[in-house]
Amino acid sequence: QVQLVESGGGLVQAGGSLRLSCVASGGIFRMDVMGWYRQAPGKQRELVATITNGGSTNYADSVKGRFTISRDIAKNTVYLRMNILKPNDADVYYCNAHIATHYVPRTDYWGQGTQVTVSS
């Protein structure tokens, strides 16, 4: 059974940094795009950044130049380095991955979310 487990969220002052990690496990045959999304209460989940197997990245305009997504394919892990954090970056951050197993075709999987809080 595929699982995505995030870690690294927490409380940080505005201008500070955090690094989120997400490890995928559970019978993975192939994993394509991995990414990070965030969601505030009562709002839709929004894209933060994605990264392909080849290393191509895509960022939301609001985080360009401050956030960096990376991945370790051998470890089935994706990271999000967040610098110069702002109060409006405070959200629950979710890891996402497109994964195929030997029994289930390519499917979207989500982590449970990790809270990022930024104090002003």
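Buried means under 20% relative accessible area, exposed over 50%, and partly exposed in between, with a 1.4 Å probe and protein chains only as cover. By that rule, buried residues make up 43% of the 120 residues in the chain.

The model is predicted: local features need pLDDT of at least 70, side-chain atom pairs count only at pLDDT 80 or more, and totals for chains, interfaces and linings use all residues. Residues are numbered from 1 along each chain as its sequence is written, and side-chain values use heavy atoms, with hydrogens and water left out.

**Whole chain**

Along its principal axes the C-alpha trace spans about 45 × 30 × 20 Å. The radius of gyration is 14 Å, which agrees with the value near 14 Å for a compact globule of 120 residues (taken over C-alpha atoms; the globule rule is 2.2 Å times the number of residues to the power 0.38). Switch to a surface: its accessible area comes to about 6,500 Å², of which 49% belongs to carbon and sulfur atoms (Shrake-Rupley method, 1.4 Å probe).

**The four-stranded sheet**

Select E1, E3, E8 and E7. They form an open sheet in the order E1-E3-E8-E7, with antiparallel pairing (two strands pair if DSSP finds at least two bridges between them). Strands E1 (3-7) and E7 (67-72) stand at the edges with a single partner strand each, so one side of each has no neighbour in the sheet.

Now go across the sheet pair by pair. E1 and E3 run antiparallel and are joined by 5 bridges; show Glu-6, which stands opposite Cys-22 in E3. Next, E3 (residues 18-25) pairs with E8 (residues 77-82) in the antiparallel sense over 6 bridges, and Arg-19 has Arg-81 in E8 as its bridge partner. E8 also pairs with E7, antiparallel over 6 bridges; here Asp-72 has Thr-77 as its bridge partner. In the hairpin of E7 and E8, 4 residues lie between the strands, and Asn-76 takes a positive phi near 50°.

In E7 the covered face has Phe-67, Ile-69 and Arg-71, and the uncovered one has Thr-68, Ser-70 and Asp-72.

**The core**

Select Trp-36, Leu-80, Met-82 and Tyr-93, the residues with the most contacts inside the largest nonpolar core, which has 29 residues (buried Ala, Val, Leu, Ile, Met, Phe, Trp, Tyr and Cys joined through side-chain atoms within 4.5 Å). Elements giving two or more residues to this core include E3, E7, E8 and strand E9 (91-101). Zoom in on Met-82: leaving aside neighbours within four places in sequence, its contacts include Leu-18, Leu-20, Phe-67, Tyr-93 and Val-116 (contact means heavy atoms within 4.5 Å).

**Phe-29**

Last, select Phe-29, in strand E4. Is Phe-29 buried or exposed? At 54% relative accessibility, Phe-29 counts as exposed. Leaving aside neighbours within four places in sequence, Phe-29 is in contact with Ala-100, Thr-101 and His-102. The C-alpha atoms of Phe-29 and Thr-101 are separated by 4.5 Å, although the two are 72 residues apart along the chain.
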